[in-house]
Amino acid sequence: MIYQGSRERVEKGKIDWMTVGFYLLFVVLGWLNIYAASFDLENATGLFDISGRAGMQLVWMGSSLLLAFALMKIDVRFYETYAFLFYLAGIALLLITLVMAKEINGSRSWLIIGPLRLQPAEFMKFLIALMLAKVFNTYGFRLMERRNLILVSAIILLPVILVIAQSETGTALVYLSLILVLYREGLPGSFLFAGMAAIIYFVLGIKFSDKMVGVISLGEFMTILLIIIFSALMIRNYLKRSKPFRTMLLIAAAIFLVAYILSFMGVTINWGVTALAALTASALYLIYLFFRYRQKNYLLILLFMAGSFLFLESVEYVFDDLLQPHQQMRIKVTLGMEQDLSGAGYHVGQSKIAIGSGGLTGKGFLNGTQTKLKYVPEQDTDFIFCTIGEEHGFIGSAIILLLYLVFILRLLHLAERQTTIFGRVYGYAVMSIFFFHLVINVGMVIGIMPVIGIPLPFFSYGGSSLWGFTILLFILLRIDKSRSRL
Amino acid sequence: MNSPGNLANRRKVIAAAVVIIALIYLVQLFRLQLLSPEYREYADSNAFLRRTLYPARGAIYDRNDNLLVYNRPTYDVMMVVREMEQFDTTDFCRTLNIDLEQFNRLDADMRDRRKNPGYSSYTPQLFLSQLSVEEYALLQEKLYKFPGIYIQSRTERQYNYSGMGLVLGYVAEVDKNKMAADPYYVRGDYVGKSGIELSHEEDLRGEKGVEVLLRDAHGRVQGRYEEGRHDEAPVSGKDLKISIDIDLQLYGEQLMHNKVGSIVMIEPRTGEILCMVSAPAYDPSLLTGKAFGTNYRSLENNPYKPLINRAIAGTYPPGSTFKPAQGLIFLQEGIITPETRHSCFGGYPPLGGRPACHGHASPLAIQYALATSCNSFFSYGLNGMLSNRSKYSGTVEAFDVWKDHMVRMGFGYPLGVDLPSEKRGFIPNSKFYSNVFKTDRWNAHNIISIAIGQGEILATPLQIANMGALIANRGYYYTPHVVKEIKGGALDEKYTTRHESGINREHVELTVAGMADAVTIGTCRGINLEPFMEVCGKTGTAENPHGDDHSLFMGFAPKDDPQVAIAVVVESGRFGATNAVPIARLMLQQYFRGEIPESDRWLENSVINREILPYVYTRNLPVRQHEPVKPQEEQ
């Protein structure tokens with residue numbers, strides 16, 4: 001039922017050359033920048049010398065092209081048919097890696113077979129994507145049924161756990177980015193909203209934890225105000241009522257107004273207590289609304305309110321007691337709370353210096369001093385964007401960023417134009433993974449995101465990652481090629 | 001909750017999220033790259049190593065173009081710890097002439113960040129400095145055996161003659177105060193610390209150059225930045241030609257051997273200093289090279305203080321050498337005429353024979369008073385001036401007129417010689433005595449000792465010699481200086497400006513006549529060189545509360561067309577005629593004849609062998625130290 005039309009018609013479908021063009025452009029630009037990043041002033045190796053990084057990347061590029069070619073030749077039904085088997089094999093490989101792998105740079109994710117060093121976690125990305133696509137494609141599948149939710153969660157979380165066990169937290173986060181696929185396929189927006197809210201609370205709670213407003217910290221104070229505003233917005237959004245929305249904000253505002261007037265009359269006001277009072281009043285008002293209208297949604301919003309408050313109160317505990325000191329430091333550096341240029345902030349500090357020193361037009365190809373002199377660690381892998389920023393300046397890095405933006409929007413377009421749920425889900429998975437990589441990698445290099453070591457697809461040096469991304473992309477192109485045109 | 005139609009709308013939400021994040025990142029890139037210029041500076045200070053290229057310090061020549069001071073290469077052993085492998089430490093130590101214990105101590109010192117704040121295991125660090133040429137040659141040969149060891153060459157001051165350490169001065173590592181005052185200097189730079197090396201530091205040092213190198217995150221140098229396009233070559237220091245005659249100087253030091261004091265000779269026509277002996281003298285080579293520290297300490301601890309240049313920083317009561325200056329003022333002010341006669345009965349009569357005088361004809365006029373160094377005459381003179389109420393309103397005004405004359409003749413303030421730490425001597429003004437006597441109602445008899453250059457009066461040997469030059473010039477002088485010529489630079493205008501004393505020429509001629517008489521018939525017949533040359537002079541015997549009187553001489557020669565003015569001070573040398581006059585005689589012989597005539601050989605021997613060491617006070621006990629500074633043997 002899925003693949004309508006004759007075999008011949010399918011084979012006549014066209015390859016999306018625009019995406020292939022992006023792919024080739026990125027890989028070549030990546031190769032040149034790897035050459036620039038690993039360029040050694042004293043003993044420079046040529047672009048094509050395979051004893052150097054650039055030459056080796058060329059080998060990976062060639063093998064990736066062969067791989068891409070092969071992938072395009074395989075019957076499209078093959079991927080769906082064997083998706084489950086592939087997935088199981090992938091899980092098995094992750095387990096084997098976990099047991100067998102020796103520790104390299106603190107992670108047990110490398111599988112060494114003869115001269116080849118592979119990172120199975122990289123390949124797991126497309127296996128999870130295929131598996132999800134297959135599951136969503138089953139007849140009458142509805143995400144919000146409990147059984148299905150558990151199944152989908154398990155498909156994503158199982159490899160997440162295995163990869164975290166290999167100390168590859170970054171890759172695990174990449175798998176989690178597939179939540180975007182679930183959102184497209186029907187996961188209520190409130191889940192994403194709750195996730196976003198949690199991140200905002202966390203950032204506020206940590207960043208402003210050392211300044212006190214009465215009995216609570218400034219972070220808690222700001223978060224409490226946000227909780228009240230969010231709750232009021234939810235009333236308007238989910239119950240389509242604007243009167244209670246306004247009333248609730250008015251109650252909170254009135255409490256603050258009274259406190260403000262009192263403070264003018266000479267009463268010492270504890271603003272922390274005032275905020276807590278406003279929150280309590282809002283909660284009481286919600287309870288009142290529930291008893292008046294008897295609608296379950298009021299109770300849910302109350303639950304959100306309580307949950308938010310509890311989460312806020314536990315943030316400090318989580319941060320101080322559950323996170324490792326180096327993780328705390330990375331977060332603090334990202335939030336601008338610490339300026340530790342020689343310690344945890346070294347990577348980011350040096351990478352910002354490298355990018356910032358590029359100016360408008362950059363220092364020119366092979367002229368980046370920060371790059372040449374190895375100030376930025378992982379310059380040709382995770383921090384490759386530095387090289388672009390330093391040598392090609394704002395113009396160069398903005399062009400790359402915009403090209404990537406167009407590329408991801410193109411992937412979104414490809415995903416949406418699929419005629420099958422399998423194709424669409426796989427397409428969204430591909431798009432989510434590339435998007436997440438871009439957000440984290442570039443965000444980390446320019447100092448917006450904490451340091452999470454994941455590569456910039458096609459640009460960063462590395463065979464496993466290039467192969468992984470090539471497979472991910474070309475399976476999508478294969479599926480797209482044989483989609484039926486209605 | 002949501003219909004499939006709604007779900008399709010979510011693509012727009014996702015697309016919007018992608019676009020928004022891309023925009024946020026673009027803004028951040030814009031901020032970093034276009035709005036924050038500090039990142040470029042960070043990057044530059046990170047990556048560029050600006051290595052200083054040191055210029056060669058200027059050489060110093062004497063007035064006859066004899067090379068006195070030059071630079072010699074010396075070698076430092078540098079160590080890059082990261083590049084070191086196992087090697088034969090015993091062999092290494094033997095090559096460098098150190099034992100294993102020293103090796104370990106040097107190694108620990110190098111790694112100690114408190115002593116060596118710039119320590120890095122990636123960059124060359126100083127291990128041992130100032131290898132001799134022999135050690136260098138030996139190490140260079142074996143260098144292949146010692147990975148991580150490098151030799152860095154530097155220059156060091158080197159001296160051709162073993163004298164004149166005080167005038168030349170020395171160079172040493174720059175100290176914190178100097179670095180704070182002048183940003184040119186950085187840690188480890190060498191800078192002139194005394195003498196000409198200090199006063200002409202800016203001429204001698206040249207300008208440092210810079211070489212821009214690229215270095216990596218470990219501090220390792222990776223190459224030159226843009227093929228050295230941003231490098232600046234160093235500018236060598238300027239060579240100096242000094243006015244000192246090195247032969248004369250060394251001869252003076254020889255004469256002053258085992259004595260304490262000073263000889264200064266000035267060319268009156270130009271103010272150039274021909275020799276500036278300060279005894280005890282030291283060999284400048286002592287303060288260079290490896291032994292600097294120990295030698296410096298021993299010089300510093302020597303009780304005769306060889307590090308003080310007595311010619312400009314030693315202040316003495318000028319005694320009778322002050323009388324020509326006194327006489328000139330009295331004549332100029334009209335207190336006396338050339339014919340004014342005063343009687344002397346072995347002392348100054350109004351004060352019951354004090355200050356005492358010696359036997360000579362009486363009464364006497366100024367010319368004869370100078371020749372016989374009559375104390376009474378000048379006491380009358382001072383009294384006559386300070387109590388002259390027709391000319392001055394009172395003692396105070398009269399005294400200040402007197403003082404102004406003295407200052408115009410170069411006393412009381414530093415002359416401004418181009419050497420550091422010149423003292424001003426002391427010429428009191430009226431306020432000084434009003435403070436001492438707590439009233440303005442004092443008179444000449446209260447301060448009569450200054451009439452004969454005693455009491456509060458202090459002068460440096462240079463000031464005394466300058467007075468000689470002033471008289472030789474018949475009334476003017478040029479600021480004395482030691483640097484005759486700066487190669488590729490100009491001499492300060494103040495050394496070519498004539499200073500008038502304000503004394504009329506006829507008065508000076510009379511004084512010259514008096515000083516000529518002193519040589520022929522008066523107190524300093526010992527310096528009479530006739531018929532070879534007419535010499536003018538004035539002896540001085542200055543009371544010394546700590547021991548024997550100081551022996552002084554001031555003079556010039558020849559009488560007409562003077563070539564040289566001279567001042568000699570021998571501490572505790574008793575009568576001027578006893579020590580200062582013979583020394584001055586030998587100096588003049590040496591200067592004018594270039595050798596000592598046979599007839600004076602006995603005198604030369606006698607002077608050189610005299611040992612006149614004053615008492616030195618240690619914890620208030622006078623101790624006569626028999627440990628004079630011996631100049632190092634010439635190499």
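**View 1. Contacts and burial in chain B of a predicted model.** In chain B, residues 24 or more positions apart make up 70% of the contacts that have a separation of 6 or more, a contact being a pair of residues whose C-beta atoms, placed from the backbone, lie within 7 Å. Of its 635 residues, 42% count as buried, that is, with 20 or more other C-beta atoms within 10 Å of their own. Chain B has 21 helices and 20 strands, which are DSSP runs numbered from the N terminus (helices H or I, at least four residues; strands E, at least two). This is a predicted model, in which local features need pLDDT of at least 70 and side-chain atom pairs count only at pLDDT 80 or more, while totals for chains, interfaces and linings use all residues. Residues are numbered from 1 along each chain as its sequence is written, and chains are lettered from A and ligands numbered from 1 in the order in which they are written.

**View 2. An open sheet of chain B.** Five strands pair antiparallel in the order β12-β11-β18-β17-β16, where pairing requires at least two DSSP bridges between two strands. The edge strands, β12 (272-279) and β16 (536-542) of chain B, each pair on one side only, and the twist averages 5° from one strand to the next. Helix α20 (residues 580-593) of chain B packs on this sheet, where it touches β11 (261-267), β16, β17 and β18 (564-570), and its direction makes about 145° with that of β18(B); such angles run from 0 to 180 degrees between N-to-C directions, with axes fitted to C-alpha atoms, for helices over the stretch in contact.

**View 3. The pairing of β16(B) with β17(B).** Strand β17 (residues 550-557) of chain B runs antiparallel to β16(B), and seven bridges join the two. Within this pairing, C536(B) stands opposite F556(B) in β17(B).

**View 4. Where chain A meets chain B.** In this view, 38 residues of chain A are in contact with 32 residues of chain B. The largest share of the side of chain A that touches chain B, 11 residues, comes from α18(A).

**View 5. Helix α2 of chain A.** This helix (residues 17-38) has 22 residues and reaches 31 Å from its first C-alpha to its last, close to the 32 Å expected at 1.5 Å a residue, a span defined as 1.5 Å times one less than the number of residues. Among the buried residues of α2(A) are F22(A), Y23(A), W31(A) and Y35(A).

Key: Buried ≥ 20, exposed ≤ 12 C-beta atoms within 10 Å, placed from the backbone. Contact = placed C-beta atoms within 7 Å.
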